[in-house]
Amino acid sequence: MTNRETLVCVQIEDEAALPNLDDILKVDHVDVFFVGPNDLSQSMGYPGNPKAPPVKQAIETAFSKIRAAGKAPGTPGTTENIRDVLSQGVFYTYTHVPKLLGAATQEFFKKTGIIR
């Protein structure tokens, strides 16, 4: 029973994983193949820049391979990227609750005029 209720998430966060992704996707009983854009960008020589063209292409290719294998792709979901990642077929998103609540709080206060 416990194993059926445990989420198994493999993280694709290093450039070395990319050429091995097809083999990684063959591993049974993995629920999510999570692409970590910040760590991936670091390992690809673009620290803090997951939108650099080579990194962006690597992420899109990884999502495509994960979906083609009939697996669930995952990645961080933020207020800035959630529509984009969902449109790329990402099934699993993760965010840090304080970051999400902080962004929503700032937006709320801006709209109420309490802060500018």
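The model is predicted, so local features need pLDDT of at least 70 and side-chain atom pairs count only at pLDDT 80 or more, while totals for chains, interfaces and linings use all residues. Residues are numbered from 1 along each chain as its sequence is written, and side-chain values use heavy atoms, leaving out hydrogens and water.

## Overall build

The protein has 5 helices and 4 strands. Both kinds of element are DSSP runs numbered from the N terminus: helices are H or I with at least four residues, strands are E with at least two. Along the sequence, the pattern reads β-α-β-α-α-β-α-β-α. The C-alpha trace spans about 55 × 40 × 20 Å along its principal axes.

Of the 116 residues, 28% are buried. Buried means under 20% relative accessible area, exposed means over 50%, and partly exposed lies in between (1.4 Å probe, protein chains only). The protein exposes about 7,800 Å², and carbon and sulfur atoms supply 54% of that area. Accessible areas come from the Shrake-Rupley method with a 1.4 Å probe; for residues, only the protein chains shown count as cover.

Contact means heavy atoms within 4.5 Å. Among contacts between residues at least 6 apart in sequence, 44% join residues at least 24 apart.

## Strand 2 and its partners

Two strands pair if DSSP finds at least two bridges between them. Strand 1 (residues 9-12) pairs with strand 2 in the parallel sense over 4 bridges. Here Val10 has Phe33 of strand 2 as its bridge partner. Strand 2 also runs parallel to strand 3 (residues 73-76), joined by 2 bridges. Gly74 in strand 3 is the bridge partner of Phe34.

Both faces of strand 2 are covered. Val32 and Phe34 are buried on one side, and Phe33 and Val35 are buried on the other.

## Aromatic pairs

The structure holds 2 aromatic pairs. Rings of Phe, Tyr and Trp (its six-membered ring) pair if their centres lie within 6.5 Å; planes under 30 degrees apart count as stacked, over 60 as edge-to-face and the rest as tilted.

| Pair | Centre to centre | Between the planes | Type |
|---|---|---|---|
| Phe34 and Tyr92 | 6.2 Å | 75° | edge-to-face |
| Phe108 and Phe109 | 5.6 Å | 65° | edge-to-face |

Phe34 lies in strand 2 (residues 32-35) and Tyr92 in strand 4 (residues 92-94), so their pair ties together parts that are 58 residues apart in sequence. Phe34 counts as buried because its relative accessibility is 6%. Tyr92 is partly exposed, with a relative accessible area of 26%. In the other pair, Phe109 is partly exposed, at 28% relative accessible area.

Val55 sits in helix 3 (residues 53-68). At 0% relative accessibility, Val55 counts as buried. Leaving aside neighbours within four places in sequence, its contacts are Pro37, Ser41, Met44, Tyr46, Asn49 and Pro50. Val55 and Met44 are 11 residues apart in sequence, with their C-alpha atoms 7.1 Å apart.

Ser41 belongs to helix 2 (residues 37-43). Ser41 also counts as buried, at 0% relative accessibility. Not counting residues up to four places away in sequence, Ser41 touches Tyr46, Pro47, Gly48, Asn49, Pro50 and Val55. The C-alpha atoms of Ser41 and Thr78 are separated by 17 Å, and these residues are 37 apart along the chain.
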